[in-house]
Number of protein chains: 2
Amino acid sequence: MTDPSPALVSDVFARDCTSRSAFEDVTAKWASLVLLALHEGGYRFNALRRRVDGVSEKMLSQTLQSLERDGMVTRDVVTAIPPRVEYALTALGQRVAGRLRDLADVLEDAVPEVEQARAGHRPR
Amino acid sequence: MTDPSPALVSDVFARDCTSRSAFEDVTAKWASLVLLALHEGGYRFNALRRRVDGVSEKMLSQTLQSLERDGMVTRDVVTAIPPRVEYALTALGQRVAGRLRDLADVLEDAVPEVEQARAGHRPR
């Protein structure tokens, strides 16, 4: 048996692989916090902006569009008075957000270790 | 029982929490790929640079220093002729890199879904 064609094997290390750009999109500055927030449930734009502490309106809008493009997030316009726009995770977005939640749990538990490392670090 | 003091609860959503800055450090542009590479084993600087396709010498150096500061990566100078510098994960770095590997696995498996979503996406 020969190896499968490289074109058929996805690899986040390969610059041209879709998985690499998707990995970069979901770990981008605000994207991972947006995915973590939507992992808690659907949000309207303004509520999401309050949840993701520090994000600007412009950055949140750009981040949501990038996540919609990658098939992680849905945007639903709900007919009501006034109409409202709701964001939620797709099935793929749920899988990705679940892994980001696991990562966040590790880091929340590691605060004492990180603080100790920073206190003892001497820049070269 | 009252809730514990907010200062004692770590939360990646809180702007001032150490876990938030550590989360941002390990998901930064090159940091997550460096952690994924070191999850495979220790690397010398130049071999690591080849593995993390596209990173500049300057960005790799800055990324490694940030990860050392957070206690994720160790830097060992090996006495030899010529001397060499080797990078490896700490126990905490292993835990973090393991979660990033899980995330990368999801995205590598999701390439068809992501490509289908991108092909059908109409920017607003």
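The following dialogue covers a helix crossing and the aromatic pairs in a predicted model.

Guide: In this predicted model, local features need pLDDT of at least 70 and side-chain atom pairs pLDDT 80 or more, while totals for chains, interfaces and linings use all residues. Residues are numbered from 1 along each chain, chains are lettered from A and ligands numbered from 1 as written, and side-chain values use heavy atoms, without hydrogens and water.

Visitor: Why are H5(A) and H1(B) called oblique to each other?

Guide: The axes of H5 (residues 91–109) of chain A and H1 (residues 18–26) of chain B come within 9 Å and cross at roughly 125°. Angles under 35 degrees count as roughly parallel, over 145 as roughly antiparallel, 65 to 115 as roughly perpendicular and the rest as oblique. H5(A) and H1(B) are therefore oblique.

Visitor: What makes A:Phe45 and A:Tyr87 an aromatic pair, and why is the pair called tilted?

Guide: Ring centres must lie within 6.5 Å; planes under 30 degrees apart count as stacked, over 60 as edge-to-face and the rest as tilted. A:Phe45 and A:Tyr87 are 6.5 Å apart centre to centre, with 55° between the planes, hence a tilted pair. A:Phe45 lies in helix H3 and A:Tyr87 in strand E3, 42 residues apart.

Visitor: How do you know whether A:Phe45 is buried or exposed?

Guide: Buried means under 20% relative accessible area, exposed over 50%, partly exposed in between (1.4 Å probe, protein chains only). A:Phe45 has 16% relative accessibility, so A:Phe45 counts as buried. A:Tyr87, at 4%, is buried.

Conventions
Axes fitted to C-alpha atoms, helices over the stretch in contact; angles between N-to-C directions. Helix = DSSP H or I, 4+ residues; strand = E, 2+ residues; numbered from the N terminus. Phe/Tyr/Trp six-rings, centres within 6.5 Å; stacked < 30°, edge-to-face > 60°.
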